[in-house]
Amino acid sequence: MATATLAKEASKKRVRTKKIKGGGVSSKKDVATAILFFLPFFVLFCIFTIGPVVNSFYYSLTNFDLIQKPDWVGLDNYQGLFLDDELFMTAFKNTLYFALISGPVGYIMSFIMAWVLNDLKGRTAFALAFYAPSITSGTAMGVVWGYFFSPDRYGLINNTLINMGIISSPILWTSDASTILPCCIFIQIWMSMGTGFLVFMAGLQNQDRELIEAGSLDGIKSRFQELFYIVLPQMKPQLLFGAINTISSSFGVFSIIQSFAGFPTPNYAGHTLVAHLYDYAFVKFEMGYASAIAVVLFVITFAAGKLCMWMLTDKD
């Protein structure tokens, strides 16, 4: 379709720098001014982002307990992680299970809700209602949902199911190994929809209406065709931003599970990589080993982010 081509071309527009007289991109004074404004951010970025990452890589190759000087051990920490630490493999599996369900489901649901509610008059109120849970801490949400999933007969869900005759005895939501992770996945999806919903709503509000009108003249007959051929190609930046946020929140889950089922969870049913890192860093004070866990988590999230960038970035 011609409209699909136009939409694709519109999504690839980039701001081009105008060359000034003399063929240069900018004068030396302008370059110096730009560097001066950029320098504070760059310095802070190096100190608080690049520095900790580099330190983590270094400490992951050492035996470090915060008191004595780091003792170089090479790849021993990584060997211990993958060959000797069964609890790490349990945390690894739980994290993947949690991320592969809560991430895509929350991402898709937030987009669908934004798309459906975009044309409603009361979308501002809906946006506020969806966004409010995302600015609340995971600990607070775990406490709130703890009332719903209380394992006694006075918990809201158990009480409702018993009164309806569906169950005869309370379900042990917070202590049964088979229910802890599914409950936390549900809470995570409910919390994560807010940010994605707001980002997708902003992208839908900034659609090029001329392309949509041209599409109706070009043969697009349904909203699903409009979504596929016009809306999604124009929303790649918002889709990428939402995907990166989803990845970071899904793989970094800890506070929700901790407040919901405690630490450690029964039979380590809700044990994640961040929980494993917390255990070695702030309980056992084995910072070298904890840094190795952090590096593994960093590599996983970085690879997932690069995959999303490859899928949602124009190849041309």
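1. T95 and its contacts. In this predicted model, T95 touches F251, T272 and L273, leaving aside residues up to four places away in sequence. T95 sits in helix α4, which spans residues 86–117. Is T95 buried or exposed? T95 is buried, because its relative accessible area is 1% and the cut-off for buried is under 20%.

2. The nonpolar core. The largest nonpolar core has 68 residues. Those with the most contacts inside this core are L81, F111, F197, F200, M235, L239 and F260. Helix α8, residues 180–205, gives the most to the core, with 14 residues. As background, nonpolar side chains in soluble globular proteins tend to be buried together.

3. M235 within that core. M235 is one of the residues with the most contacts inside the largest nonpolar core. Which residues does M235 touch, not counting residues up to four places away in sequence? They are F111, F200, G203, L204 and Q207. Among them, F111 and F200 are also listed with the most contacts inside the core.

4. Aromatic pairs. A search of the whole structure finds 27 aromatic pairs. One of them joins F38 and F41, with 6.0 Å centre to centre and 55° between the planes.

5. Setting of the F38 and F41 pair. Both residues lie in helix α2 (residues 28–59), three residues apart, which is about one turn of the helix. F38 has 44% relative accessibility and so counts as partly exposed. F41 has a relative accessible area of 52% and is therefore exposed, the cut-off for exposed being over 50%.

6. The ring cluster. Ring pairs link W145, Y147, F148, F149, W173, F186, W190 and F260 into a cluster. F260 is worth checking against point 2: this residue is also among those with the most contacts inside the largest nonpolar core.

7. The cavity. How many cavities of 30 Å³ or more does the structure hold? The structure holds one. The largest cavity contains about 50 Å³ of space. Its lining is made up of F254, I257, Q258, G262, F263, P264, T265, G270, H271 and A275. By class, the lining residues divide into five nonpolar, five polar and no charged.

Terms used. Residues numbered from 1 in each chain as written. Predicted model: local features only at pLDDT ≥ 70, side-chain atom pairs only at ≥ 80, totals over all residues. Heavy atoms only, no water. 1 Å grid on protein atoms, 1.4 Å probe; cavity = no way out; pocket = protein on both sides within 12 Å on 5 of 7 lines; lining within 4 Å. Points joined across faces, edges and corners; volume = space filled by probe spheres on them. Nonpolar A, V, L, I, M, F, W, Y, C, P; charged D, E, K, R; others polar. Core = buried A, V, L, I, M, F, W, Y, C linked by side-chain atoms within 4.5 Å. Buried < 20%, exposed > 50% of the residue type's maximum accessible area, 1.4 Å probe, protein only. Helix = DSSP H or I, 4+ residues; strand = E, 2+ residues; numbered from the N terminus. Contact = heavy atoms within 4.5 Å. Phe/Tyr/Trp six-rings, centres within 6.5 Å; stacked < 30°, edge-to-face > 60°.
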